[in-house]
Amino acid sequence: MTSPPPALLLPYRLEHTPATAAQPGGVALHRVRLTVGDSPGGRTTWPVRCRGITFDLPHAAGASATSGEPVVLRTRLDLPRGPGRGRQWLVETTTSDPAATFLTLTPADPALFDGTWVLALTLDISTPVGAETRVTEDTALGDDIPQRRVGNAHLTAARGTH
């Protein structure tokens, strides 16, 4: 019998801003802001060492990428500089699955989340995103050996939107 993967160690917040009407000849883009490491309720045990995070963003019910057409995707990573913050993060995207978009965030050096900083990724995407995102992280508490952990994060409306 296989054991379920251990629970996620890092806190995640996913906020969605719906697309507005596109300019003529343009594409309307939905905005998703993924925030990692923000634990306002103090529920997270620090420090958490991270070697990578993958987000499986399913497309909203009834939405899928049009076959043969790429998903329009733009990303922007906001990360304060400093020791233990992974130095440089690589963001890889996979849009070949018509039912989901995959984002993999990998630091050049393992990042040490300690509750004093957050990693934020802003994603503009042409296909609406579903309400629940599967998250896979390679993490460990303190100096433990990192292991793969799997869980879900729920998409909420961005502050100031309805």
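Me: Before we look at any residue, what does "buried" mean here?

Reply: A residue is called buried when its relative accessible area is under 20%. Keep in mind that this is a predicted model. Now take Leu 14, which lies in strand β1, residues 12-17. Leu 14 has a relative accessible area of 2%, so it counts as buried.

Me: Which residues does Leu 14 touch, leaving out those up to four places away in sequence?

Reply: Leu 14 touches Arg 33, Leu 34, Leu 57, Thr 133, Ala 153, His 154, Leu 155 and Thr 156.

Me: Let's step back to the whole chain. How many helices and strands does the protein chain have?

Reply: The protein chain has ten strands and zero helices. Reading along the sequence gives the pattern β-β-β-β-β-β-β-β-β-β. Of the 162 residues, 38% are buried. Among contacts with a separation of 6 or more, 72% are between residues 24 or more positions apart. As for the surface, the accessible area comes to about 9100 Å², and carbon and sulfur atoms hold 50% of that.

Me: How do I read strand pairing, and which strands pair with β3?

Reply: Start with a general idea: in a regular strand the side chains alternate between the two faces of the sheet. For the pairing itself, look for bridges and their direction. Strand β3, residues 48-58, is antiparallel to β9, residues 132-141, with eight bridges joining them. Strand β6, residues 100-107, pairs with β3 in the antiparallel sense over six bridges. There are also three bridges between β3 and β7, residues 111-113, again antiparallel.

Me: Which residues stand opposite Arg 49?

Reply: Arg 49 stands opposite Leu 112 in β7, and its bridge partner in β9 is Ala 140. Further along, Ile 53 has Leu 105 as its bridge partner in β6.

Me: What joins β5 to β6?

Reply: A hairpin does, through five residues. The two strands run antiparallel and are joined by six bridges. To find one of the facing positions, go to Trp 89, which stands opposite Pro 107 in β6.

Me: Which residue has a positive phi although it is not a glycine?

Reply: That is Arg 87, with phi of about 60°. The residue sits in the loop between β4, residues 73-78, and β5, residues 89-94.

Me: Is Arg 87 buried or exposed?

Reply: The cut-off for exposed is over 50% relative accessible area. Arg 87 has 59%, so it is exposed.

Me: Last topic: the largest pocket. What is its volume, and which residues are closest to its centre?

Reply: The largest pocket has a volume of about 370 Å³. Its lining holds 18 residues, and the closest to the centre are Leu 10, Pro 11, Tyr 12, Asp 38 and Arg 43. The elements giving two or more residues to this lining are β1 and β10, residues 147-157. Strand β10 gives the most, with four residues.

Me: How do the lining residues of the largest pocket divide into nonpolar, polar and charged?

Reply: Nine are nonpolar, six are polar and three are charged.

Definitions and conventions:
Residues numbered from 1 in each chain as written. Predicted model: local features only at pLDDT ≥ 70, side-chain atom pairs only at ≥ 80, totals over all residues. Heavy atoms only, no water. Pairing = 2+ DSSP bridges. Buried < 20%, exposed > 50% of the residue type's maximum accessible area, 1.4 Å probe, protein only. Contact = heavy atoms within 4.5 Å. Areas by Shrake-Rupley, 256 points an atom, 1.4 Å probe, with all protein chains shown as cover. 1 Å grid on protein atoms, 1.4 Å probe; cavity = no way out; pocket = protein on both sides within 12 Å on 5 of 7 lines; lining within 4 Å. Points joined across faces, edges and corners; volume = space filled by probe spheres on them. Nonpolar A, V, L, I, M, F, W, Y, C, P; charged D, E, K, R; others polar.
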